[in-house]
Amino acid sequence: MTTPDASLILLNPGPVTLSAGVREAAVSADLCHREPEFQELQAEVLGGLLQVYGCAFGEWVPVALGGSGTAAMEAMISSLAPADARLLVPQNGVYGERSARIAAIHGIAHEVLDHAWGGELDMDAIERALATGRFSHVVMVHHETTTGRLNPLEDVADLCARHGARLLVDAVSSFGAEAIDFAHPALDACAATSNKCLHGIPGLAFVLCRATALSGELPERSLYLHLPRWAGPQAAGSTPFTPAVNAWLALHEALGELEAQGGWQGRRERYLQLAEQVRAALEGMGVEPWLDPASSSCVLRSYRLPAGLTYNLLHDWLRHKGFVIYAGQGGLAGEMFRISTMGEIGDSDMERLLAAFKEIMAS
Ligand SMILES: *Cc1c(COP(=O)(O)O)cnc(C)c1O
């Protein structure tokens, strides 16, 4: 294999460019998960996950298991839907579609509210659906990474509260950098991962569950992904299966760095500053946002491929200059590219990126 270029800056939506501290922490020790060192590490990380949004211990239960963000989504949906659940799944991108697919695979009754990719959620349609009283839960994506759209979590939660539905959230690309109101009475769970806004290494998925949602009668649809199987042992300082110990080590360090940098609010400000710096500079070169900035997250922005430039040309040029950008998904591949400003990105990195853009736009 070719030796990976350690100086490459990742502008894809996870995994992210790591800080030196997190990279070192990941390989800082060999750990047996049946020894006290791991117990302590696990307890501190689980406590740290609660602290990111000030969730009360006891009211909220953090459950972490080895896997990518999709494992967190699948664990949340397959574990927390009771046998008689009926899910409403508004979808406006890849990850909303994935939620519905997970429900289908596990034989969980659900209905999809289809929107165009990148489209605004139709709140009237969601309200009309919930008003029928047929839905026990709404499953929504907070930040739809397909296009960068930040869906209105608070408004959907309010509709859920009004109509007696519970809310399950895919917060994989927003946890740690966008506002999430864990005090909202309709919110039952958020699924997320270590390697996006938290700046850890890939391999650790987690779900923050309202304790009452976890303690209900929940059918066992999976051996590995069944959250109650993890929650009990983890609360008791144990673990049912071999954990991704290196990802736990890295997340411990990453959570400390997040706190030192001002928590999720500090991270949001930093992402926003970088995202707006890129947007303003690109607009100055004639590159238009695909989605308007006011509807976009602080985490990722989508842009229209400029006329006469293919994604591959743009990607390869920027890669040659030290940056990895991301293509549009599915039908958007021909018209869009995406830039995420997650990860350990310095001001001078952004200046180099924009200089590289300027060169290719001028040629
Ligand atoms: C990244 C992401 C996921 C999970 O993707 P994995 O490739 O499984 O880590 C899920 N939902 C959203 C919104 C994401 O951005």
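This is a predicted model: local features need pLDDT of at least 70, side-chain atom pairs count only at pLDDT 80 or more; totals for chains, interfaces and linings use all residues.

User: What is the phi of H199 like?

Analyst: H199 has a positive phi of about 65°, although it is not a glycine.

User: And is H199 buried or exposed?

Analyst: Buried means under 20% relative accessible area, and because H199 has a relative accessibility of 7%, it counts as buried.

User: OK, now the ligand. Which residues come nearest to it?

Analyst: There are 13 residues around the ligand, and those that come nearest are S68, T70, T145, D170 and K196.

User: What are the distances for D170 and K196?

Analyst: For D170, a polar side-chain atom lies 2.7 Å from a nitrogen atom of the ligand, while for K196 an N or O atom in the side chain is 2.8 Å from an oxygen atom of the ligand. The side chain of S173 also has an N or O atom 3.4 Å from an oxygen atom of the ligand.

User: How much of the ligand does the protein bury?

Analyst: The ligand taken alone exposes 380 Å², and the protein buries 85% of that.

User: Which elements give two or more residues to the shell around it?

Analyst: Those elements are α3 (69-80) and α4 (94-105), and α3 provides the largest share of the shell, with three residues. Sorted by class, the shell has four nonpolar, six polar and three charged residues.

User: How do β3 and β4 run, parallel or antiparallel?

Analyst: Strand β3 (residues 87-91) and β4 run parallel and are joined by five bridges, and within this pair P90 stands opposite L113 in β4.

User: What about β11, which strand does it pair with?

Analyst: β11 pairs with strand β14 (residues 336-340) in the antiparallel sense over five bridges, and the bridge partner of S302 in β14 is R338. Four of the five residues of β11 (residues 300-304) are buried, so this strand is largely enclosed by the rest of the structure.

User: Where is E344, then?

Analyst: E344 is found in the loop between β14 and α12 (347-362), and with a relative accessible area of 36% it is partly exposed. In sequence E344 and S19 are 325 residues apart, yet their C-alpha atoms are 5.5 Å apart in space.

User: Last one: which peptide bond is cis, and where does its proline sit?

Analyst: The peptide bond from G14 to P15 is cis, with omega near -5°, and P15 is found in the loop between β1 (9-10) and α1 (20-26).

Conventions:
Residues are numbered from 1 along each chain as its sequence is written. Side-chain values use heavy atoms; hydrogens and water are left out. A residue is near a molecule or strand if one of its heavy atoms lies within 4 Å of it. A polar contact is a pair of N or O atoms within 3.5 Å; within protein, one must be able to donate a hydrogen and the other to accept it, and residues adjacent in sequence count only if both atoms are side-chain atoms. Accessible areas come from the Shrake-Rupley method with a 1.4 Å probe; for residues, only the protein chains shown count as cover. Ala, Val, Leu, Ile, Met, Phe, Trp, Tyr, Cys and Pro count as nonpolar, Asp, Glu, Lys and Arg as charged, and the others, Gly among them, as polar. Buried means under 20% relative accessible area, exposed over 50%, partly exposed in between (1.4 Å probe, protein chains only). Two strands pair if DSSP finds at least two bridges between them.
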